[in-house]
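Student: I would like to go through some terms used for this model. Please set each value against its definition.

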Amino acid sequence: MKAFVLATLFIILSGIMIISSCFTPSAKEQGKMLADKYCTGCHLVVDPAMLDKETWTKHVLPAMAPKLGIRVWAGDQYYPASPGEQQGPISFKEWTALVAYFGQNAPAQLTPAKPPVPLQHDWFGFAPQYPVGVDSPNVAGTTMVSFDPAGHRIFTSDTYTSTLDAWDGSLRKTGSWRLPSPVVDILYTTDSGKSSPAIITQIGNMKALDAPAGIVSSLNIHDPQSKQTDLMPFLKRPVQTVQADFDKDNLTDLLVCAFGHNQGGLYWLKQLPDHRYEQKTITEVPGAIHAEVGDFNGDGWLDAMVLFAAADEGIWLFENDRKGGFKSVNLLRFPPLNGSTSFQLVDFNQDGKLDILYTCGDNADFSMVLKPYHGLYVYINEGKNRYRQAWFYPVNGCTKAVAADFNLDGKIDIATIAFFADMKNNPAEKFILFEGKDHQLNFTPHAPPIEKEGRWICMDVKDMDGDGDLDIVLGNYGRGFNILDGYKPNWKEYQPFMVLENKQK
């Protein structure tokens, strides 16, 4: 009897051990659980396969360690916080396991994406135009290009000179304003049908800093001797300003995207009866890079749809609560390695609902390697704030996309620029025109031969010459931000911009 009891107990204990071992997570599973636990506090969890091993272990993880209370020395050696220091949420043992998880499960190299349709090297009905009389020895650091069709002009700004320059229809410079910092956005305004001072957004500093040096100002662009009038100073790297009357008081307000660095926000500048502006915070997080305004929920009040491109990347809808505030709804979230750069609302499938054209490709952070998931995406609007990815075309370092009917065939085309393109192996992807073949997201990509004319960081699309088709202006940031080892730039560094004149008409 005793032998039977002992045997039974042995069988039960063995079974418990077997069951327990079945549910003991592997090192990979433990690492995934740690990533889910600690990384999602700031952004979407990232799969190790999104970067190569060296980039994870020598760049990204050392940059993330201090945010979790882990000390870093000599680049990639970790130490726990000392007893007198602020303790982070993660233990040193857990951090070590997390580092091992990314290092052991990341590929040695990322596999380049293969475009589904090869580039066609042709002009696609466009012809190049260049600025006249540009003889400055200074490297171009263009931060903004903008068509002003009403004045038949182009405005540009430069990071090195902090000037706003005006160019006439023949691309000759006609005026210049010296400003406190570079202009990155310009908003043309009208009053009773007549042109009035423009609203300009000055970033403060192109470098990733939290200094409150950005300014939203008004400037009479019709008077070369005019001085700016500050509407809202002391913003942290503002990058875009749009107009909207959010509270229906018949006074036009402003919405400002302040990208910042570790700090930033989305701000409603409410216009007061004396035409001053009161700054109201919608959300105080960094990364706001582009906003679209409209009545997105159909209640008769203006809302804002905003792309955030720092840490917790994604697109949020800020619904007007009709009481002086906004309610946020997340529409899309992206991994922090995407480096989100732009979006546009376009009805691609002609169903009456606005879809999302999205680009990602910012590559000047801790993971400066070409990424196969950078490029151009279309998300189809399925209603009730749901969007489905329906199309992707890989473009290394994609910076901006503008959808329009460029060849006047009734189908949507797309123009893209890529500041962090693969300059070594595919420099043509710096500028691509996607020809729409139908309403089913079938495109033929065209690459005009302008690889050596510049490196495009900004773009605008309008009918500059009034002939009924859309022209394109590209801004050249001639030097810096080279992420490719052993690569020497071979484009024009001194040319501030070029125009692609549409010859469809």
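Tutor: A pocket is found on a 1 Å grid over the protein atoms alone: an open set of points where a 1.4 Å probe fits, with protein on both sides within 12 Å along at least five of seven lines. Its volume is the space filled by probe spheres set on the points. By that count, about 1000 Å³ lies in the second largest pocket. This is a predicted model: local features need pLDDT of at least 70, side-chain atom pairs pLDDT 80 or more, while totals for chains, interfaces and linings use all residues. Residues are numbered from 1 along each chain, and side-chain values use heavy atoms, without hydrogens and water.

Student: Why are α2 and α4 called roughly perpendicular?

Tutor: Helix α2 (residues 27–38) and helix α4 (residues 92–105) pack at about 115 degrees, axes 9 Å apart. Roughly perpendicular covers 65 to 115 degrees. The pair therefore counts as roughly perpendicular.

Student: Which residues make the contact of α2 and α4?

Tutor: Contact means heavy atoms within 4.5 Å. Among them are K28, L34 and Y38 of α2, and E94, L98 and F102 of α4. By class, seven are nonpolar, two polar and four charged.

Conventions:
Axes are lines fitted to C-alpha atoms, for helices over the stretch in contact, and angles run from 0 to 180 degrees between N-to-C directions. Helices (H or I, at least four residues) and strands (E, at least two) are DSSP runs, numbered from the N terminus. Angles under 35 degrees count as roughly parallel, over 145 as roughly antiparallel, 65 to 115 as roughly perpendicular and the rest as oblique. Ala, Val, Leu, Ile, Met, Phe, Trp, Tyr, Cys and Pro count as nonpolar, Asp, Glu, Lys and Arg as charged, and the others, Gly among them, as polar. On a 1 Å grid over the protein atoms alone, a cavity is a set of points where a 1.4 Å probe fits but cannot get out, and a pocket is an open set with protein on both sides within 12 Å along at least five of seven lines; lining residues have an atom within 4 Å of a point.
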